[in-house]
Amino acid sequence: MAATRHLLRTASSSSRTVYGGVHTVSLFPGDGTGPELATAVKDVFHHMRVPVRFDEMHITGHDESFVAAQKSLRSHGVGLKGIFSTSASLAEPRSLNVQMRKDLDLFANMVRCKTVEGVNSRHQNVDMVIIRENTEGEYSGLEHESVPGVVESLKVITAERARRIAKFAFEAATKLNRRKVTAVHKANIMKLADGFFLQCCREVAQDYPLIEFEDMIVDNCCMQLASRPQQFDVLVMGNLYGNIISNLGAGLVGGAGVVPGVNMGEEITLFEPGARHRANELAGKNTVNPAGMLLSAAGMLRHLHLEESADQLETEIHGLLKESQFHTPDLGGEATTSDFVDALKGRL
């Protein structure tokens, strides 16, 4: 909890619209269980009387609602979101999640995976920060069928963005008093693309002699995470590997329901659950675990310099997670979303 206190000081650390001491931030509930999680945050914030007003918008697709949402984020500079649905169908345009990150240059995704007292997990004493480049790599969206039966998908790595995410990782390690940065890659096979990413990381590492640097092939990294995750501190990687590793990390410490996350750019910061799952099968059943979304909201409060409220919220969320009667089904319990939120409000 306290170790995350200075995690989010790399972007502009306040909303741009503050009137009478009240911060206005964007809120996009998303799909699946997103509306229930957004309601939980609003309910808790109202109970705490935190000076935050939500500019809430429901995005329906690549339409005027998406344009308005981006305009809201550019105006306020800070937001909280659920996860938008993305179909594998060719008839559907590019993922709204990916498009928003690219359009707003939210280049760094940061997820902290830490074992939580009271939550069953295969490993103890895990505490790692996963940093993912958000805007290029395999998610560049450059695919085509060159001839019938042959499809090409381009993986784009640029020096500017590879060095930028490497520098972000070392700066985060420095501010968090972390000892090591691990660059995750597949340079033994993709010698040009991943080799170039690794070269950029090595060059940046020379500017941070007090931080240990190592690199690890992504398949070995997955095995090491499953067997001995305590060896990792800060990990930095490209887009697709980051998606896989952050979900693996979430699974190691209790699942998608307990891991917070954030997307950061030079001007805008957008908080969201660390493991990007909509949980459509749980929508409307009052059984989704709200802890991850609430911890992301606590991170937003700290970003807004509302430290006391952030500390209190984080402390009481972790206090509830220690007690099995408040565990939702994903943690092996029988508590409902409402049970967790009501108990949290009773503690605040």
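The following is a set of questions and answers about a predicted model.

Biologist: How many residues of α8 are buried?
Modeller: Helices (H or I, at least four residues) and strands (E, at least two) are DSSP runs, numbered from the N terminus. Buried means under 20% relative accessible area, exposed over 50%, and partly exposed in between, with a 1.4 Å probe and protein chains only. Helix α8 covers residues 291-303 and has 13 residues. It is largely enclosed by the rest of the structure, because the number buried is 13 of the 13.

Biologist: How far does α8 reach from its first C-alpha to its last?
Modeller: The expected span of a helix is 1.5 Å times one less than its number of residues. For α8 that expected value is 18 Å, and the helix comes close to it, reaching 18 Å.

Biologist: Which residue follows α8 with a positive phi?
Modeller: The phi value there is near 70°. The residue that takes it is His305.

Biologist: With which residue does Arg302 form a salt bridge?
Modeller: A salt bridge is a side-chain nitrogen of Lys or Arg within 4 Å of a carboxyl oxygen of Asp or Glu. Here the closest N and O atoms are 3.2 Å apart. Arg302 is in helix α8 and its partner is in helix α9 (residues 307-321), twelve residues apart. Both members of the pair are buried, and the partner is Glu314.

Biologist: How many salt bridges does the structure hold?
Modeller: Side chains of opposite charge can pair when their charged atoms come close. One network of salt bridges links Arg112, Asp127, Arg178 and Asp233. Another salt bridge is that of Lys42 and Glu56, at 2.8 Å from N to O. The total is 20.

Biologist: How many residues apart in sequence are the parts tied together by Arg163 and Glu203?
Modeller: Arg163 and Glu203 form a salt bridge, with closest N and O atoms 3.2 Å apart. Arg163 lies in helix α4 and Glu203 in helix α5 (residues 193-205), so the separation of the parts is 40 residues.

Biologist: Is Glu136 buried or exposed, and which side chain of opposite charge is nearest?
Modeller: Lys and Arg count as positive and Asp and Glu as negative, while His and the chain ends are not counted. Glu136 lies in the loop between β6 (127-133) and β7 (143-147), and its side chain makes a polar contact of 3.0 Å with that of Thr158. Glu136 has no salt bridge, as the nearest side chain of opposite charge is 4.6 Å away. Glu136 is buried, and that nearest side chain is Arg161.

Biologist: Which backbone nitrogen does the side chain of Thr115 reach?
Modeller: Thr115 lies in the loop between β5 (108-114) and β6. Thr115 is buried, with a relative accessible area of 13%. The distance is 3.3 Å, and the nitrogen belongs to Asn125.

Biologist: How many residues does the largest nonpolar core have?
Modeller: A nonpolar core is a set of buried Ala, Val, Leu, Ile, Met, Phe, Trp, Tyr and Cys residues joined through side-chain atoms within 4.5 Å. In soluble globular proteins, nonpolar side chains tend to be buried together. Among the residues with the most contacts inside the largest core are Phe45, Val52 and Met300. The size of this core is 89 residues.

Terms used:
Residues numbered from 1 in each chain as written. Predicted model: local features only at pLDDT ≥ 70, side-chain atom pairs only at ≥ 80, totals over all residues. Heavy atoms only, no water. Polar contact = N/O pair within 3.5 Å; in protein donor to acceptor, adjacent residues only side chain to side chain.
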